[in-house]
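My entries follow in the order I made them.

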Amino acid sequence: MNEYALELHFSENLIWVFTAFVALVLLVLGAGILIMMRINRYKEEQRRQIRAQWKDLLAEMLMEENVGEQDLRLPPEFEAALQKPFVRRVLASELVRTQQSLRGNMNETITAVYNQLQLADQSLALLHSRKWHRKAKGIQQLSSMGQYQVAELIVDLTNHPNLSVRNEAQLGMIRLEGPDGLRFLNSLQHALSEWQQFNLLHQMQLYTGVELPDMDGWLLGSQQSVVVFAIRLCRLFQLFGYAGQIEGLQRHSNTAIRREANQCLHHWGLTELYTEEMLRKAMATPLAQPLTA
Amino acid sequence: MKILIAEDEDILRKMMELRLSKEGYSVTAVSNGQDALTHLENHTPDLVITDIHMPLVSGLEVVGWMKQQAHCSTPVIVLSALGQEHVVMDAFSLGADDYITKPFSLNELVVRVKKLAS
């Protein structure tokens with residue numbers, strides 16, 4: 001009886017200890033979430049204040065003529081604030097955001113102000129961050145602001161394990177080098193997703209009329225997604241000179257490549273739209289012999 | 001001529017304000033749809049330029065509200081991001097008069113404003 005009472009007492013204690021432990025964990029977790037929320041709210045308020053303080057000055061600087069040709073003179077209070085990394089981070093983000101909304105000569109003006117405020121070091125610090133979202137942001141800022149000296153750093157990141165970093169790096173290469181930036185395709189280790197291809201093609205639309213690099217290596221390469229992307233590029237840029245290679249790709253062992261090649265040629269009015277069954281049969285058709293429906 | 005600008009991007013809003021002021025327009029700029037509605041309750045601008053995506057109250061709601069009120073004849077230009085063509089259609093069905101896709105040039109904005117002003 002005594003033993004049973006002892007055991008019961010021990011079990012009760014155990015339940016109490018466990019309940020107290022769970023309550024403590026929940027309390028710590030709750031406190032942590034509250035503190036994080038407070039910090040985030042504080043930071044957002046700081047950002048809002050910085051934006052409000054700087055918007056007039058930056059807008060006036062951007063509207064001035066001959067920006068970048070003369071030395072930048074900031075009022076002393078702004079000069080002091082500019083030394084703070086958080087302020088520099090907010091300013092870099094804001095300038096990039098403004099640049100994304102404007103086009104024409106204003107883009108060069110924004111880049112000139114970004115350079116005059118020497119914000120590239122802040123963006124570079126983001127690029128070297130271990131956090132993927134900061135890294136992606138750093139790439140976006142540096143490439144949007146035409147910081148060509150970091151192209152080799154960015155091209156390495158086109159094979160980063162994180163998809164968002166890879167995506168931003170690939171877009172960044174095009175922003176920096178135009179169609180030549182597609183050189184990252186030569187050493188691509190991860191397949192290009194449909195979303196990445198959409199973004200890249202969208203970015204490439206800015207360069208219609210510009211000569212593209214030689215496509216043979218990509219069209220005849222072993223990376224399936226690169227071949228599909230190259231076909232889509234040929235279609236977008238109306239590169240009829242590659243029709244022969246694309247005709248051959250209708251016989252490719254990969255279904256997606258066969259389909260894309262056929263759709264491209266059909267778009268150009270060079271062939272009919274084949275069913276998958278017909279395309280599968282076409283794989284056995286010799287190259288010299290044209291495909292028939 | 002009085003123009004109301006509703007745009008949540010601070011620098012862009014200020015630049016639009018400066019550019020249009022330089023053209024001789026009297027410009028009021030607000031940073032969200034709620035402030036735009038508050039302004040419209042007490043003032044009657046000759047033209048409204050509103051971004052579609054804004055905090056608190058969207059540009060679409062501003063257009064919709066305007067066209068049901070005494071401002072139904074005030075021309076509205078909506079600003080939209082690239083790829084939001086479907087939202088622009090919504091804006092037109094609510095009564096918007098013109099739209100500009102971001103990225104845009106400030107010169108383009110001035111031309112559109114002058115066209116609607118005339």
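**Entry 1: a buried pair in chain B.** I started at B:Asp51, which is buried at a relative accessible area of 5%. Buried means under 20% relative accessible area, exposed means over 50%, and partly exposed lies in between (1.4 Å probe, protein chains only). The side chain of B:Asp51 meets that of B:Lys102 in a salt bridge, 3.4 Å from N to O. I count a salt bridge when a side-chain nitrogen of Lys or Arg is within 4 Å of a carboxyl oxygen of Asp or Glu. B:Lys102 is in strand β5 (residues 98-102) of chain B and B:Asp51 in strand β3 (residues 47-51) of chain B, so the pair ties together parts 51 residues apart in sequence. Helices (H or I, at least four residues) and strands (E, at least two) are DSSP runs, numbered from the N terminus. B:Lys102 is buried too, at 8% relative accessibility.

**Note on the source.** This is a predicted model: local features need pLDDT of at least 70, side-chain atom pairs count only at pLDDT 80 or more, and totals for chains, interfaces and linings use all residues. Residues are numbered from 1 along each chain as its sequence is written, chains are lettered from A and ligands numbered from 1 in the order in which they are written, and side-chain values use heavy atoms, with hydrogens and water left out.

**Entry 2: the contact between chains.** I looked up how chain B meets chain A. Chain B gives 17 residues to the contact and chain A gives 18 residues (contact: heavy atoms within 4.5 Å). The area buried between them is about 1,700 Å², with 66% from carbon and sulfur atoms. Buried area is the accessible area (1.4 Å probe) that two parts lose on being put together, summed over both. On the chain B side, B:Asp10, B:Ile11 and B:Met15 lose the most area to chain A, together 35% of what that side buries.

**Entry 3: charges across the contact.** How many salt bridges are there between chain B and chain A? I found 4 salt bridges. One joins A:Arg51 and B:Asp10 at 3.1 Å, N to O. Another joins B:Glu108 and A:Arg103 at 2.8 Å, N to O. That pair runs from helix α5 of chain B to the loop between α3 and α4 (105-116) of chain A. B:Glu108 is buried at 17%, while A:Arg103 is partly exposed at 41%.

**Entry 4: a network.** I traced a network of salt bridges that includes A:Arg51, B:Asp10, A:Glu94 and A:Arg97. A:Glu94 and A:Arg97 have their closest N and O atoms 4.0 Å apart. They are 3 residues apart in helix α3 (residues 85-101) of chain A, so about one helical turn separates them. A:Glu94 is buried at 7%; A:Arg97 is partly exposed at 29%. Over all chains, my search gave 27 salt bridges.

**Entry 5: helix α13 of chain A.** I checked this helix (residues 255-267) last. Its 13 residues reach 18 Å from first C-alpha to last, close to the 18 Å expected at 1.5 Å a residue. The expected span is 1.5 Å times one less than the number of residues. Its buried residues include A:Ile257, A:Ala261 and A:Leu265. Their cover includes α11 (224-236), α12 (243-249) and α14 (276-282) of chain A. Just after the helix, A:Gly269 takes a positive phi of about 75°.
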